[in-house]
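User: I have a structure to go through and I'm new to this. Can we take it piece by piece?

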Amino acid sequence: MSQIENKKQVFKPNREFAKDARIKNMCEYQALQDAANEDYEGFWGGYAKEKLEWMEPFTDVMDNKNFPFVNWFVGGKLNVSVQCIDRHLSSRKNKAAIIFEGDRGDKKIITYLELYYNVNQFANLLKNEFGVKKGDRVIIYMPMIPEAAYAMLACARIGAIHSIVFGGFSAEALKDRIEDADAKVVITADGAFRKDKPYMLKPVVDEALSGNTPVEKVLVVERNGEDITWVAGRDYSYNELIKHQNTKCEPEVMESEDPLFLLYTSGSTGKPKGVQHNSAGYILWAQMTMEWVFDVKENDTYWCTADVGWITGHTYIVYGPLAMGATTVMFEGVPTYPDAGRPWKMVEEYKINQFYTAPTAIRVLHKMGENEPAKYDLSSLKVLGTVGEPIDPPAWKWYYEAVGSSKCAIVDTYWQTETGGHIVSPLPGATPIKPACATFPLPGIMAEILDEHGNRAEVGEKGFMCVTRPWPSMIRGVWGDKDRFVKSYFGDVKKDGLPVYFTGDGAMYDEDGYITITGRTDDVINVSGHRMGTAEVEAAIKKHPNVAEVAVVGKPHEIKGEGIFAYIVLKSDKGVADEVEEVKAINKVILKEIGAIALCDDMLFTPGLPKTRSGKIMRRILRSIAKGEEITQDISTLEDPSIVQIIANMLKK
Ligand code: PRX
């Protein structure tokens, strides 16, 4: 066994790197944690004054009277687009803000001054042509092109609330989100390119808008030039309208707690929830974590491979890097196309200094191109990041050695859509790292692993990852559903009798106090770092007319981390005539209802499901069966215990 596979191995920060790092050692880290502990409001208030440009100063740091509805930087006024653009113009106007590389290798560099003009024009277009006002919801359904970032920042400039829907979601999923947000505008593109071929987005929007819809206008950016249908009076060409827009648009004066965006994410029950983030607290933590966790310097080039459709794309492609005045790379393509050397070729070409990706991508790149990194000059790299799912030691080892030449820090950043930014992560110049370990809470974040009684978990004991005090970038609400907000995140675990923020993840301390995230404790699965509620997939499968019952669980997957396993009971009179056809038909329903990311890796047609006498499906047993484990749980309370063996035998065949 290599030493790295032994999780206890500790890797000290690179000394040369640490010399110039913002947080240089664990003493400095501890001093920041102590400062936050001693004077929590002073800590946050100080950073808010130092890091943000205020139109009007705030009067109170935090108003916690209606916990968990917390207000930060009360009375303050600002605009997030000003944080990300205008304030950099005096010193960075000709600096690259965004470096874009298309799937086909086309390139574009957008300076801060160009970004300013583009965003101002975009904002004027939304305001003057479409009548978008402060507080209106705008759906962005876009590929990974700079216009997606312009659209986000344009909404921020005029005070509209954007909600990005990942381009892989189906028309039905898009429609649900449009309706829930009651959006009046959709910004989209004809489509884009993937693996050198065009793919389409606009037809999906057309389908989502068929029938009753709150949407009045659709703005279409031309990207792949393919033919699309235009609906007169509803659809407008961005490329045409933008030409006539003024390059100056006064930023809307926003309260600290005015909403910035909604982002829908899966929970353990019901439909996806619209996670709401507000202006000041979110942008403050986005910037601070960029500075601390990636330690980006003025001349650095930073690349996060996420999609803007997920929270990582929001905070760590657009808002965080731009708020700190960094150069951020945006990539339209697939990391393994034309071969698994593509990211390393880009690292060499752009002299990337910080590279941030998901464990799934690392596993694919490792599997498909183990020796590819050695073909390129990766000496510019200083910090490597991972996010979205637990990383396994072999993938970590390859990332550390083959990509980072055993000299780069790996920051295993733990966070969620709801946390807005990282909450547990190594600091590259300070934290001695252990493979596959998120290490310690970031300064100012009171993250703690608690047991079900609210006591700190013992070393080696699995507990719940919680945050015991509200922090500035914490979720502010679930759009249109206050009860769901409170129930989902506050209440399951209490400390000293008071509710704490509950992440839904399990975690464990080791003997040195390091935190390892062990995965979700609820019915949410993590497929390639994408969150998927089992309830959502089940609801989609149930739409197939032959399906009587279904239970979906996660199953370990070599590349994706977790795969989706569906146990399906067909209606009694139907039977399984042709299994292959049945699977195809059900997949079609999933594609229609959610999109390709929810396709099942395994489907098993069973005569029944293990249920308690009260009718609750015992997913724990199904998870064990899917993994091929022996069933050790007590099954005597099941309505029909024999079903467990029947299903297990079916799987063995
Ligand atoms: O289960 C945790 C996992 O991803 C979930 C959050 O998913 P989402 O809101 O889509 O945001 C993904 C990007 C932040 C968490 O509840 N997760 C995230 N980061 C890690 C992780 N699991 C283990 N290690 C991580 N570093």
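Analyst: A definition to begin with: two strands pair if DSSP finds at least two bridges between them. Strands (E, at least two residues) and helices (H or I, at least four) are DSSP runs, numbered from the N terminus. This is a predicted model, where local features need pLDDT of at least 70 and side-chain atom pairs count only at 80 or more, while totals for chains, interfaces and linings use all residues. Residues are numbered from 1 along each chain as its sequence is written, and side-chain values use heavy atoms, with hydrogens and water left out.

User: OK. In the hairpin of E4 and E5, which residue takes a positive phi?

Analyst: Glycine 105, with phi near 95°. The hairpin has five residues between its strands. E4 (96–101) and E5 (107–111) are antiparallel and share five bridges. Isoleucine 99 has isoleucine 109 of E5 as its bridge partner.

User: What order do the strands of the open sheet come in?

Analyst: E12-E11-E8-E6-E7-E14-E15-E23, eight strands with mixed pairing. E12 (235–237) and E23 (477–478) are at the edges with a single partner strand each, so one side of each has no neighbour in the sheet.

User: And how many bridges join E6 to E7?

Analyst: Four, and the two strands run parallel. Valine 138 is opposite histidine 162 in E7.

User: New topic. How many residues does the largest nonpolar core have?

Analyst: It has 127 residues. A nonpolar core is a set of buried Ala, Val, Leu, Ile, Met, Phe, Trp, Tyr and Cys residues joined through side-chain atoms within 4.5 Å. Buried means under 20% relative accessible area, exposed over 50%, and partly exposed in between (1.4 Å probe, protein chains only). Trp44 and Phe73 are among the residues with the most contacts inside this core.

User: Why does it lie between domain 1 and domain 2?

Analyst: Because domain 1 (39–334) and domain 2 (447–520) both give residues to it. Those bounds come from an automatic or database domain assignment.

User: Now salt bridges. What does glutamate 418 meet?

Analyst: Arginine 531, at 2.8 Å from N to O. A salt bridge is a side-chain nitrogen of Lys or Arg within 4 Å of a carboxyl oxygen of Asp or Glu. Glutamate 418 is in the loop between E20 and E21 (447–450) and arginine 531 in E28 (530–533), so the pair ties together parts 113 residues apart in sequence.

User: Are those two buried or exposed?

Analyst: Both glutamate 418 and arginine 531 are buried.

User: How many salt bridges does the count come to?

Analyst: The count is 52. Lysine 297 and aspartate 295 form one of them, with closest N and O atoms 3.4 Å apart. Lysine 297 is partly exposed at 28%, and aspartate 295 is buried at 1%.
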